[in-house]
Structure formats: structure tokens, C-alpha cells
Amino acid sequence: MNELSSFLPQTNIAYFTMEVALRVEVHTYAGGLGVLAGDTVRSCADLELPVVFVSLISREGYFRQEIDAEGRQIEHPDPWDIARWAQPLPAMIGVQIESRDVWVRPWLYVHQSEAGYSVPVLLLDTDLEQNDPRDRPLTHRLYGGDEEYRFKQELLLGIGGVRILEALSFNIGTYHLNEGHAAFATIELLKRFPRRRRQNDKAEWSYDADRVRDLCVFTTHTPVEAGHDRFSYDLVTRAGTDLLPLEALKVFGGADKLNMTRVALNLSGFVNGVAQRHAITAREMFPGFDVRAVTNGVHVGTWAHPAFAALYRQHYPQWMHEPEVLVRADNLPDHDLWSAHEKAKRDLCDFVRQHTGVEMDPSVPLIGFARRMTGYKRPDLLFGDLKRLMAIAEKHPFQLVFSGKAHPADTAGKESLHQIHNAMRELQGRVPVAFLHNYDMSVAQVLVAGADVWLNNPLPPLEASGTSGMKAAVNGGLNLSMLDGWWVEGCIEGVTGWAIDNATDAGPLYDKLERVVLPMYYHDRSHWIWMMKQAISKIAGYFNSHRMMRRYAAEAYLR
Ligand SMILES: *Cc1c(COP(=O)(O)O)cnc(C)c1O
């Protein structure tokens, strides 16, 4: 308890998230949402913000990805060494699920900044002797199981999280809900503010919802209605025995199904999307709600390759604490910048050889593509016309590195993995292509740092923000991307990178590669290096998680 007690007096903000990427050995994350939460932890520590994080222990992780010879994804449990990284706290609370008490115990993980400021992360665990065998695995698999499993995990995160904070004597004045998964926290808080019920009162007026809105901040990440968690009221009444009476829940969560995004929207006093474009989409989706925009950012210290970190330290000693100084990157000497890039690229080529056996040539432009393998991100778009792709490579040779997991239930995403592998086979001998298994933070760090070009071709407006392109820019990588998510704000054509014209096929992508990107790499290296500096100054200097957290602090937390 000693370690925790040092956090108690000053901490007054709680950040709830289903996943959080604390470090590569701690498997409590699946992808972009978790990495964003992890970068949030790291920036809070650097900025000395008084935040405690609440998430699940995810004992078996998300999954470890294997790809068989046919290009089919095989999923393995991905346990981690909990006792090495966290300590159990002597506190326990119960959450009623299906009328049983499910006991929850927190583990404490402490993240420390380079300057020595620590931020606590509570990881909730139900794998306890006290629990019914049916309930012990509830915190095993991140995004695992079926709808019912997910629902129970969200009960534990939201209700359990609020109760654990109270049991540990935290005095919280702001609850930040990272995506709708955490929305049950608002319902649990409502119970703290009952009103005496008068006859004919509507359910909302049995609780002082405004008191909860004063406490809650909600960040939505999903620009499609179908992407939001919605639970049937059958399930809610059967398993959600610790929530509110049904008629009250329906007021906040919708009449037909319990929509977690609506719950959070209705009970949060500050709501934001994760890019300007996404906030516009969210306002159209949820008319009547004041959805602001706080565009995502990445933690520059985490995503800069050591060679770039050394270069920045030499020129801007305070760059880690104040990444805005990267705005001066125009001053970096061309030679030093290029040699940092060559180091990062060589590391990537070595990594690819070790893990796949594919030989990459450091003198040939390398295009990176890594993200969740799912329909709207169109991971196989580039392979739409292999003849054309090979013809381009004949004129201007290039090489490709891919990586990414498909959610176990995403059959279309898994099919595109298979398509990529088919394409790789056909391109053999013509275009070097490698696929790195098991995309995680460590793969991402090597890949975003070493690629010359970072490709992203989602179907607008379905990419809420995207962050991997920001990580590439921290290392001078040039984005080639559809104008969607953060890139609407980040792209200055021919300066910070390039936009791909919107189309259903790869035509405009091939055009840009063939006519602009690849010729510049081969024939105008000094302009290329100038663009790398523009990417660093205009993207890394702004799209970082320090700027993001300063905005949350000033606009959402200090409302
Ligand atoms: C940054 C990151 C993501 C998110 O990338 P997007 O561009 O937002 O899709 C996903 N997974 C890992 C491991 C990452 O590091």
C-alpha cells in the first residue's frame, strides 16, 4: 500500500480504458486505442499530470499471431509475467453479475517518467479463489469471447473501476472515459446522486445526471454506428444486475438496445472526437451533442528511433518535454538527418531478415503498411492490380513491409491477410515484400522508424484518427495517405507528405507512387530530405501526445 499512498493526495483524475499499451512485455493492449492510452500515460508522467489509469489485467493478452504457410492467421493465448511488472494491492470490491458477487482485485503498475514522476495504473483482476469458476476468466482475454463476455468485462471496468478507486481512497473529480467500453462508470456514478422520487417523475429525474456530467469526459473513437457496443436488454437484465432499473437505463442508453456510446454521450459534460474530421462525423451521427475535437498525438520519446532521439537531443535538449521545439527541424543538417534515417532503415532491414528471411536493400525506397487488418482500412488495396504494380517496380524499384493482426472474429480482415499472402507469392522475384508476424509495439517501433514512406489507404470517413503515420513522421517518414482522420489536418501536399485521391480502386495510389513519390526518391534526394524536415517540424511538432494532454487538461479537466 505504501507505494500507492504517495499517489493519493494529489491524484484527482481517473482515465478509464479497456486497453493500455504500457510496454511491450505487458500484454494489456490490442492496437491503436491501447497505444494511444499508453502514450497518454507516458505524457501524463512527463507533464506531471495527477492522473490514475484504470484498465483490465488481461492475463492472456489479446492474442499472439502466427501465420501459416497458406497465409491464414492462427491465434494463440498471449500471457505475460504479471508479478514481474505489477504488484497486487490489498483491496477488493464486488460487482454483481448475474446476481453473483464477482470479486475484483487491482494490481498496481507504476510508470515513471525520465524525470522521475510516477503515474499509477490499476489493472483489475477477477481470477481469484473467492470467485465462481465461471467468473474467474472474465479478465483473461482482451476483446475475447462473445457479446456476453464483453458486456461483463465492461461492467467490471466501469462499475468495478469506480468502486476500486473509492476503496483505495482516491478522491476523483474527473473521470475520463476512453471510448464507450468504459461508459458504465457513468451509471455507477449516477447512483451516488439519487433524488427523492416524486410521482410521475421521469427516470432521469430520479438521479442528478448533471452532477455526473460535471465529473465525466468522454472521448469517442468510432465513426460508424455499427462499431459501437450495443447490448440487448435481455442480456442487460440477466447479467447487469448491478446497474440501474431498466427504465432508467433506457433513458440514457436508448430504447431498443443499450448503446454504450449513447450512455457516455448523455452523461458526460465534455465530449470529443479524435480529429477535426471525426468530430464532424460524430456530430452528424449524434445530432444535439456538442462534440469537440482534440486531435490525437503520439509520445515522441517512445516513437523516435535512438538515432533520431540523439539528433534531437543534440539540437533541442528539451525536445522530450516540449516536443513543440521540433518546429525548428528546418535547421537540422541534411547529412545528419539522412544518416539517422539510414541507421533506422538498416535496423528495419535487419529485423525483416531475422524474422522473415526476406532481404531488403537499404538503398531502395521502402514502403511500410501496418495496422489492424480490417475492411475499412483496405489492407490489400495496393495489390489490386499486380501487373501495374510490377510495371511501376520495373521503372522505379521499391520494397514493401506489411504487418497487422485481424480480430479473431473479423472474417473479412482475415481474408485480406490471406490475399496479401497470395499477392506476396505472385510478386516474388519482382517486388520484395515481407510480412512481419504479431504486430505489437516493438514491431511498430522498428517499422515506423525505418520506412521511407508510410502508406495508409482507409475508406473515408471511417478512420477516426490514425496515429501510426504520426509515429513515422517523428522519424522523418513521409506519409502517403487518403485524406481521412488526422491526415486531413496534417497533409500539406508535397510538403509534409502526399494525399491519395479518393477512389474505390488503387489507381490514384499507383499514379502518385509512379509519378511523384518514387521519382523524387531517386532523382531529387535533397527535396526528399527537405520534406522529411517538414514532416518532423509540422507533424511531430504538433501531433504529439504532450500537446494532446495539455489540451485535455486545459479544456476538459479544468472545465
Ligand atoms: C500505433 C499503433 C497502432 C495504431 O495505428 P493506426 O495508424 O492508428 O492504425 C496499432 N497497433 C500498434 C501496435 C501501434 O503501435
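## Terms and model

A salt bridge here is a side-chain nitrogen of Lys or Arg within 4 Å of a carboxyl oxygen of Asp or Glu. E415 and R72 meet that definition, with their closest N and O atoms 3.7 Å apart.

The model is predicted: local features need pLDDT of at least 70, side-chain atom pairs count only at pLDDT 80 or more, and totals for chains, interfaces and linings use all residues. Residues are numbered from 1 along each chain as its sequence is written, and side-chain values use heavy atoms, with hydrogens and water left out.

## Two domains

The chain is assigned a domain 1 (2–297 + 548–557) and a domain 2 (300–543). These bounds come from an automatic or database domain assignment. Taken over C-alpha atoms, the domain centres are 31 Å apart.

## The domain interface

Contact (heavy atoms within 4.5 Å) links 37 residues of domain 1 with 39 residues of domain 2. The two domains bury about 3,100 Å² between them. Of that area, 54% is on carbon and sulfur atoms. Q65, I67 and R277 supply 19% of the area that domain 1 buries against domain 2, more than any other three residues. Buried area is the accessible area (1.4 Å probe) that two parts lose on being put together, summed over both.

Three salt bridges run between domain 1 and domain 2. There are also 19 residue pairs in polar contact between the domains, both residues at pLDDT 80 or more. Four elements each supply at least two residues of the domain 1 side that touches domain 2: helix 2 (32–47), strand 3 (64–67), strand 4 (73–76) and helix 10 (276–285). Helix 2 gives the most, with six residues. That side of domain 1 divides into 15 nonpolar, 10 polar and 12 charged residues. Ala, Val, Leu, Ile, Met, Phe, Trp, Tyr, Cys and Pro count as nonpolar, Asp, Glu, Lys and Arg as charged, and the others, Gly among them, as polar.

A polar contact is a pair of N or O atoms within 3.5 Å; within protein, one must be able to donate a hydrogen and the other to accept it, and residues adjacent in sequence count only if both atoms are side-chain atoms. Helices (H or I, at least four residues) and strands (E, at least two) are DSSP runs, numbered from the N terminus.

## The ligand site

The ligand is surrounded by 14 residues (a heavy atom within 4 Å). The closest are K377, G466, T467, S468 and K471. An N or O atom in the side chain of K471 is 2.6 Å from a ligand oxygen. A polar backbone atom of T467 is 2.9 Å from an oxygen atom of the ligand. A polar side-chain atom of R371 lies 3.4 Å from a ligand oxygen.

## Salt bridges and backbone

The structure holds 39 salt bridges. In one of them, R100 pairs with D135, the closest N and O atoms being 2.9 Å apart. R100 lies in strand 7 (residues 100–112) and D135 in the loop between strand 8 (118–125) and helix 4 (147–167), so the pair ties together parts 35 residues apart in sequence.

S99 has a positive phi, near 65°, in a residue other than glycine. S99 is in the loop between strand 6 (93–97) and strand 7. The peptide bond from P460 to P461 is cis, with omega near 5°. P461 is in the loop between strand 18 (453–456) and helix 17 (468–474).
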